[in-house]
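User: I would like to learn how to read the features of a structure one at a time, with the general idea before the particular case. Could we begin with contacts between charged side chains?

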Amino acid sequence: MAKTCFHGVFVSIAVTSLLLLQAGAPSPPPPAVYIFGDSTLDVGTNNFIPESAARADFYFNGIDFPYSKPTGRFSNGLNTADQIVRLLGLKKSPPPFLYLVNDPSNFQKNILQGANFASGGSGKRVIPLEEQIQHFSTIRSNITNMTGSEEATDKILSKAFILISIGSNDMFEYLLNLSKPMSLAEFNATLISTYEYHIKTLYELGARTFGILTVPPIGCTPFARAVFTGNNSCFEPAQAMAVQFYFDVGSSLEQFSSTVQDMKYSVGNTFLMTRVLTGDMLAFGLKNIAAACCGNGTYGCNQTASFCSNRDEYLFWDQFHPTQRASELVALTLFGAAEPIMVPMNFSQLLGVNI
């Protein structure tokens, strides 16, 4: 019964949303969008970090992007950030903050429309969330220089949409570290405490409206299937970590929002929505939910990798990341689903947007 219910939710979301998009359904002017997190939402930040090894600005990445251009997105085309902002009515994603910094003549104009701080990968050669928030603080300072007052800046940022994808890289780092410097319980507590601090910092900088994407079924990625199990089955310890993280994030946000009066948020249970997709994959046009379209579980997507021709039928583009089609399905769900997939509301309700 539950499967049938969720299937109906997904199908109605997908069909209704696509019809509205094709018909050019009107929507209110989109808010500014500031995007934080990992490679799920990275639209090219790491292109501007010469020493970064976590890059996607080469083929076959971007093969379905306009002009088959590799842009730094870990995708065959549009990624989840792109799909979300399209549903907001924006023609394209806010550019990477590091790109805006390199375009000083248009910097102040562009930052009022948003920026993308997300940086794929982990380690010292990417931009961690703490530094991403420092970049957002820089934007706040520049807006204040334009407005002439902190109050005016607060008003502008209070209407912005803060989109964050968090947790996956931290979990992979922990699972791959054989020395395990802390217990799983200690790791989970530290991880939640860290993200609580970052959300509060963003709030103090003026952010009021948050969309949070939690950890998907990382134990079922091609990487996890190849590295952790070796028999093409999902790695259940990673699955359990992702589920627990969702509940911990939801509890943390509920508690923090109860202490302030003007904060709104929506948490996307990306674990559950992905499991629903894969549980009835043919209904969504998917035929392969285990393998990478480009490369495989131990070999990343690059110019020498083999890649599939039926990309819309794959859940995974590479070792870790969804295809353009899978990202589209996720975005439609974020805007149209109800509890328990979206808590306490979906993105449409959060932002007052009709898709």
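User: Which side chain meets that of Glu328 in a salt bridge?

Analyst: Bear in mind throughout that this is a predicted model. Side chains of opposite charge can pair when their charged atoms come close. In this structure the partner of Glu328 is Arg325, with an N to O distance of 2.8 Å. Both residues belong to helix α12, where they stand three residues apart, about one turn of the helix. Arg325 has a relative accessible area of 18% and is therefore buried, since buried means under 20%, whereas Glu328, with 23%, is partly exposed.

User: How many salt bridges does the structure hold, and which residue pairs with Arg140?

Analyst: The structure holds eight salt bridges. Arg140 pairs with Glu150, and the closest N and O atoms of the two are 2.7 Å apart. This pair links distant parts of the chain, with Arg140 in helix α5 and Glu150 in helix α6 (residues 150-158), 10 residues apart. Arg140 counts as buried at 10% relative accessibility, while Glu150 is partly exposed at 41%. Arg140 and Glu150 also belong to a network of salt bridges that includes Asp154.

User: Where in the chain do the two partners Lys287 and Glu313 lie?

Analyst: Lys287 and Glu313 form a salt bridge in which the closest N and O atoms are 3.7 Å apart. The pair links distant parts of the chain, 26 residues apart: Lys287 is in the loop between α11 and β6 (288-292), and Glu313 is in the loop between β6 and β7. Lys287 is exposed, with a relative accessible area of 56%, and Glu313 counts as partly exposed at 23%.

User: Which residues line the second largest cavity?

Analyst: The second largest cavity holds about 30 Å³ of space, and its lining is made by Ser39, Thr40, Phe74, Asn79, Thr80, His321, Pro322 and Ser327. This lining divides into two nonpolar, six polar and no charged residues.

User: What is the volume of the largest pocket, and which residues lie nearest its centre?

Analyst: A pocket, unlike a cavity, is an open set of points. The largest pocket has a volume of about 1100 Å³, and of the 50 residues that line it, Ser39, Asp318, Gln319, Phe320 and His321 lie nearest its centre. Elements that each supply at least two residues of this lining include α7 (168-176), α9 (222-229) and α12 (324-336). The lining has 24 nonpolar, 19 polar and seven charged residues.

User: Finally, for the backbone, which residues does a cis peptide bond join, and where is phi positive in a residue other than glycine?

Analyst: The peptide bond from Tyr59 to Phe60 is cis, with omega near 10 degrees, and Phe60 lies in the loop between β1 (33-37) and α2 (80-87). Another cis peptide bond joins Glu339 and Pro340, with omega about 10 degrees, and Pro340 lies in the loop between α12 and β8 (342-343). Phi is positive at Ser68, near 50 degrees, and Ser68 is in the loop between β1 and α2. Asn232, which is not a glycine, also has a positive phi, of about 70 degrees, and is found in the loop between α9 and α10. Ser68 counts as partly exposed at 29% relative accessibility, and Asn232 is partly exposed at 48%.

Conventions:
Residues numbered from 1 in each chain as written. Predicted model: local features only at pLDDT ≥ 70, side-chain atom pairs only at ≥ 80, totals over all residues. Heavy atoms only, no water. 1 Å grid on protein atoms, 1.4 Å probe; cavity = no way out; pocket = protein on both sides within 12 Å on 5 of 7 lines; lining within 4 Å. Points joined across faces, edges and corners; volume = space filled by probe spheres on them. Nonpolar A, V, L, I, M, F, W, Y, C, P; charged D, E, K, R; others polar. Helix = DSSP H or I, 4+ residues; strand = E, 2+ residues; numbered from the N terminus. Buried < 20%, exposed > 50% of the residue type's maximum accessible area, 1.4 Å probe, protein only. Salt bridge = Lys/Arg side-chain N within 4 Å of Asp/Glu carboxyl O.
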